Amino acid sequence: MLTYVLRRLLIAIPTLLLISLVIFFLVDLAPGSPASEIPLTVDAATRAKILESLGVNAPLHERYFLWLKQFFWIEPQYAIDHLFGTDLAQGAQRIISYSSRSPVFSIIAERLPQTLTVIGTAYAVAILIALPIGIYSAYRQYSWVDQLGTFVSMVGYSVPTFFTGVVLIVIFAVKLQWFPSIYDTTLKITDWGSLWAQVHQMILPVAVLGLYNAAEISRYTRSSMLENLGQDYVRTARAKGMGERVVVLKHVARNSMIPVVTIIALGLPGVFGGAIVTEQVFKINGIGAALIGAIHANDLPMVQTITFITAILIVTFNLIADILYGILDPRIRYD
Amino acid sequence: MLDLARQPLVRVDGLKMHFPIYSGVFRSHTGDVKAVDGVSFDIAQGETLGLVGESGCGKSTVGRALLRLYEPTAGRVIIDGEDVAHLSAEKLRQKRPTMQMVFQDPQASLNPRMTLAGIIGEPLDEHTRLSRAEKTARIYELMDQVGLNRRFANRYPHEFSGGQRQRIGIARALALNPKFIVCDEPIAALDVSIQAQVVNLLEDLQDRLGLTYLFISHDLSMVRHLADRVAVMYLGRIAELSPAKDLYARPLHPYAEALLSAVNEPDPVIAARRKRIILKGDVPSPANPPTGCNFCTRCPQVFELCRQVKPELSEVEPGRFVACHLYDNNKAARSTGGPEATERNQQGAST
């Protein structure tokens, strides 16, 4: 197992380098440049100075290696400095956002809590809803619960979040006025009242994203359960005289969780990346919103960095999913 | 004592197992697959009843319905004094230790995520109040009984060979000291060399623990070796139920005769003389069986009555039960005494 993990980590290095290369060059070579964001009223000399200070005049490969160095060497040092109060970085140049002129990682650190609270909660809620629904729908296949679950899943999966989001806003925020339509990022939780306000404003976005994710997870759970319910070992468990609870939850559900856990693990990078569309709909100032904003503003370092972090997370969670698979299923051996 | 031994442990009475067919847009109930259609037999304490027949004749369904792994459509299954077919769910669960099953596919019938100790020990958790140490001792004892090395206790099923897995299946079935075990083709998935081992193990356990078996198989020579009595099934019904020795020596039902003619004969001299009966046509669909005798479409000795009336299983010779109109005479002779038979003889003589 350890050898397998080490080997996978070693393979991840060239993979990530290649991804970083593609991301950096693709974003850099795409149409639109930082120069176009400078107002036309600025005279040529100042414009040249601004561009010089942004460092965009250096050759592409130089900027790539500088970015790589900053990403893997300097930024971690700042992170350690920040955590332990050391001074490893010694004021080295960080990755700076073109538009806000502040370090990209500081912006990400600012935005991350919003994303993690809302999208993370939505994902957790989705899992909590999806697993029981999936298990029960499979156990009572073609019952009305199953039919309803299938219908809701199809709706949740096929209707895009920008549509469900707007529909929910129209119904619950505009007509019924139960919930706010805009998420207030500045809200600080200090007492029960503000905690309630926070929960209150989270309900709509969590519902939209939760429905979408739950639809996917519950379908996987259901089909995996169905596959296992037909297996001979389930009959064995019944013949042993185990209660239905034990048969379904211990024997069938545990075996069915193997693919489901993988799906959940692979979905987790999405929690960090934020739901770009949903964040837009509810004006949540998260990572997704930051990415969209950066794309609009031709803020290349910001786009490159966020995209690359997402790529790293995807590679990491792929590995985690594979390791979980090996832990959950004794038939799979990595060596 | 002798009387007690003759007391049937298992009595099956008119067991029917129909699987509904749903078809059409609205999935309406359009018919039934009559997998088992009125099967009756009993098994004495310590006896082995063989159940043979070709694929799809309902052998395994009988075994499963007997232990109520399926909900039988009709009929009674009395095992050790209780009607299993009509017990409440909780009563049934408590009854399970008395009756166990050894399954056909030893790989699929073991939970891949449980260790051997977990698989054998789980019924002990559910049905007994043994301490941890006692449980471990019992698990080891069971493993010894079926000839599995104690070192294997923490291994998973996929780490074993087919024969070893079947031993695990047997150990699991034995865990709660059952009286009655249904062996559902326990050797069909095994190599020939391993088959003998498993069969010997089953025989050995029967001698030691006084078990009663229903041995379901399509391996006729293995059944001959193992069973005291044999029931031959065809299309959901029993065609013949006879002591093994008599059946193999002189099958009465035309289907039993045809089936047994397919058994390999090791002696080439006898094999050369032997006549193989090859049946023509296919088995009718159990969803739509013939009106008369189920075998009437393929029977070499079919006559008019067979196509109209289903023959009942009745005793035609001491201990031998046959469902065939060819033996209606014998049946009449046995059930109503002499007169009718003599009458016919007289008619025969007068013409």
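This is a predicted model: local features need pLDDT of at least 70, side-chain atom pairs count only at pLDDT 80 or more; totals for chains, interfaces and linings use all residues.
First, the ground rules. Local features need pLDDT of at least 70, side-chain atom pairs count only at pLDDT 80 or more, and totals for chains, interfaces and linings use all residues. Residues are numbered from 1 along each chain as its sequence is written, chains are lettered from A and ligands numbered from 1 in the order in which they are written, and side-chain values use heavy atoms, with hydrogens and water left out.

Start with helix 4 of chain B, residues 116-127. Helices here are DSSP runs of H or I, at least four residues; strands are runs of E, at least two; both are numbered from the N terminus. Which residues of this helix are buried? Among them are Leu116(B), Ile119(B), Ile120(B), Glu122(B) and Leu124(B). Buried means under 20% relative accessible area, exposed over 50%, and partly exposed in between, with a 1.4 Å probe and protein chains only. What do they pack against? Helix 9 (244-273) of chain A, plus helix 5 (132-145) and helix 6 (162-174) of chain B. Contact means heavy atoms within 4.5 Å.

Now the cores. A nonpolar core is a set of buried Ala, Val, Leu, Ile, Met, Phe, Trp, Tyr and Cys residues joined through side-chain atoms within 4.5 Å. The largest has 61 residues. Leu116(B), Ile120(B) and Leu174(B) are among the members that touch the most others. Leu174(B) touches residues including Leu142(B), Ile181(B), Leu205(B) and Leu209(B), leaving aside residues up to four places away in sequence. A second, separate core has 39 residues, including Ile135(A) and Val260(A).

On to charges. How many salt bridges does the structure hold? Over all chains, 28. The criterion is a side-chain nitrogen of Lys or Arg within 4 Å of a carboxyl oxygen of Asp or Glu.

Take Arg229(B) and Glu47(B). Their closest N and O atoms are 2.6 Å apart. Arg229(B) sits in strand 9 and Glu47(B) in the loop between strand 2 and strand 3 of chain B, 182 residues apart. Buried or exposed? Arg229(B) is buried at 16%, and Glu47(B) is buried at 10%.

Next, Asp80(B) and Lys179(B), at 2.7 Å. Asp80(B) lies in the loop between strand 4 and strand 5, and Lys179(B) in the loop between helix 6 and strand 7, so the pair ties together parts 99 residues apart in sequence. Asp80(B) is partly exposed at 33%; Lys179(B) is partly exposed at 35%.

Last, chain A. Arg238(A) bridges to Glu244(A) at 2.8 Å. Arg238(A) is partly exposed at 28%, and Glu244(A) is partly exposed at 34%.
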